[in-house]
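Please examine the sequence and the three-dimensional structure shown below. The briefing that follows is arranged by topic.

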Amino acid sequence: MALKDDLEKLKLIDSLFHAFTLEEMKELAGRDLVVSKLRGVDVNHIGPIGELYETMIRLRDDNTMLKAQMVELKSDIQDIVRVLNLPLPAPVPIYSQHLQNLKSKHNIY
């Protein structure tokens with residue numbers, strides 16, 4: 001299975017990154033960087049691991065935003081249920097602080 005092999009490769013790369021210091025990694029990669037420049041490969045390209053890292057950061061931020069929105073929606077639903085559970089008054093218009101909060105929160109007038 002390709003996915004399992006990829007995960008094992010990433011685990012190995014991760015363990016190598018933790019085993020070397022930054023200076024040792026620069027020293028090891030120095031020759032490859034020179035060869036890459038001679039071949040015309042863009043050395044500043046972030047590569048697949050960098051892209052995965054950027055994607056992970058973006059997804060983490062999206063997840064945090066979605067959690068916050070979910071909490072807001074939960075609060076709105078609780079307010080709606082509270083409004084619906086109010087006893088029906090006589091022909092006087094319904095006034096509820098929860099309803100007013102929802103109206104002002106979502107700019108409904």
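**Briefing on the predicted model**

Helix α1 gives the most to the nonpolar patch, with 3 residues. The model is predicted, so local features need pLDDT of at least 70 and side-chain atom pairs count only at pLDDT 80 or more, whereas totals for chains, interfaces and linings use all residues. Residues are numbered from 1 along each chain as its sequence is written, and side-chain values use heavy atoms, with hydrogens and water left out.

**Overall architecture**

- The protein chain contains 4 helices and 0 strands; helices (H or I, at least four residues) and strands (E, at least two) are DSSP runs, numbered from the N terminus.
- Along the sequence, the elements of the protein chain follow the pattern α-α-α-α.
- Of the 109 residues in the protein chain, 6% are buried; buried means under 20% relative accessible area, exposed means over 50%, and partly exposed lies in between (1.4 Å probe, protein chains only).
- The protein chain exposes about 9,900 Å², and carbon and sulfur atoms supply 64% of this area; accessible areas come from the Shrake-Rupley method with a 1.4 Å probe, and for residues only the protein chains shown count as cover.

**The nonpolar surface patch**

- Leu7, Leu10, Phe17, Ile49 and Leu52 make a nonpolar surface patch of about 430 Å².
- Patches are made of residues with over 30% relative accessible area and no salt bridge; like charges are joined within 9 Å, and nonpolar side chains (Val, Leu, Ile, Met, Phe, Trp, Tyr) within 5 Å.
- Helices α1 (2-19) and α3 each supply at least two residues of the nonpolar patch.
- Ile49 belongs to helix α3 and counts as partly exposed because its relative accessibility is 38%.

**Salt bridges**

- The structure holds 3 salt bridges, a salt bridge being a side-chain nitrogen of Lys or Arg within 4 Å of a carboxyl oxygen of Asp or Glu.
- Asp76 and Lys105 are joined by a salt bridge between their side chains (2.9 Å, N to O).
- This pair links distant parts of the chain, with Asp76 in helix α3 (residues 47-84) and Lys105 in helix α4 (residues 97-105), 29 residues apart.
- Asp76 is buried, with a relative accessible area of 8%, whereas Lys105 is partly exposed at 40% relative accessibility.
- Arg82 forms a salt bridge with Asp79, and their closest N and O atoms are 3.2 Å apart.
- Both Arg82 and Asp79 lie in helix α3, 3 residues apart, about one turn of the helix.
- Arg82 is partly exposed, with a relative accessible area of 40%, while Asp79 is buried at 11% relative accessibility.
- Arg60 and Asp61 also meet in a salt bridge through their side chains (4.0 Å, N to O), and Asp61 is partly exposed at 43% relative accessibility.
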